[in-house]
Amino acid sequence: MATQIAVGDLRQVFERARDLDGSMEERLNTFADAVRLQHPSSAAIVDRMVSRLRENGAGETAPKPGEVMPL
C-alpha cells in the first residue's frame, strides 16, 4: 500500500512539472524540489537522475517557451 501511495504521489509531482509552461531546467527543478519535500528518502535517486539529464544536455535543443515547434 505504501508503495502505491508513493508512486501516485510521484506521478502527480511529475505531471505537475511536465505541465509547467517553462524550460526543461525549471521543470526538472520543480520535480526534484517536490520529491525532496514529499519523499526525502527518494531525493538522492532523483538528484542523480536530474544530474544525468543535465550532463547529457536534456532539453537544450528543445524549443523555448513561446517558440513554434518544428515540423
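Analyst: One begins with the elements: helices are DSSP runs of H or I with at least four residues, and strands are runs of E with at least two. The model shown is predicted. By that definition, the protein chain has 3 helices and 0 strands, in the order α-α-α from the N terminus. Its C-alpha trace spans about 45 × 25 × 20 Å along the principal axes, and 20% of the 71 residues count as buried.

User: How does the span of α2 compare with what its 15 residues should give?

Analyst: The expected span of a helix is 1.5 Å times one less than its number of residues. For α2 this gives 21 Å, and the end C-alpha atoms are 21 Å apart, which agrees. Helix α3, residues 43-55, has 13 residues and reaches 18 Å, close to the 18 Å expected.

User: Which residues of α3 are buried, and which exposed residues lie on the face turned away from them?

Analyst: An α-helix has 3.6 residues a turn, so residues three or four places apart point the same way. In α3, the buried residues are Ala43, Val46 and Val50. Seen down the axis of α3, these buried residues fall within an arc of 70 degrees, so they line one face of the helix. The face turned away carries the exposed residues Ile45, Arg48, Arg52 and Glu55.

User: Which residues of α2 are buried?

Analyst: In α2, Leu28, Phe31, Ala32, Ala34 and Val35 are buried. They cover an arc of only 165 degrees around the axis, which puts them on the same side of α2.

User: What covers the buried residues of α3, and at what angle do the axes of α2 and α3 cross?

Analyst: Two packed helices are described by the angle between their axes and the distance between the axes. What covers the buried residues of α3 includes α2, residues 24-38. The axes of α2 and α3 come within 9 Å and cross at roughly 170 degrees. Angles over 145 degrees count as roughly antiparallel, so α2 is roughly antiparallel to α3. On the α2 side, the contact is made by Glu25, Leu28, Asn29, Phe31, Ala32, Val35 and Arg36. Helix α3 contributes Ala43, Val46, Asp47, Met49, Val50, Leu53 and Arg54. The residues of this contact divide into 9 nonpolar, 1 polar and 4 charged.

User: What follows α3?

Analyst: Gly57 follows α3, and its phi is positive, near 75 degrees.

Key. Residues are numbered from 1 along each chain as its sequence is written. This is a predicted model: local features need pLDDT of at least 70, side-chain atom pairs count only at pLDDT 80 or more; totals for chains, interfaces and linings use all residues. Side-chain values use heavy atoms; hydrogens and water are left out. Buried means under 20% relative accessible area, exposed over 50%, partly exposed in between (1.4 Å probe, protein chains only). The arc is that of the directions from the helix axis to the C-beta atoms. Contact means heavy atoms within 4.5 Å. Axes are lines fitted to C-alpha atoms, for helices over the stretch in contact, and angles run from 0 to 180 degrees between N-to-C directions. Angles under 35 degrees count as roughly parallel, over 145 as roughly antiparallel, 65 to 115 as roughly perpendicular and the rest as oblique. Ala, Val, Leu, Ile, Met, Phe, Trp, Tyr, Cys and Pro count as nonpolar, Asp, Glu, Lys and Arg as charged, and the others, Gly among them, as polar.
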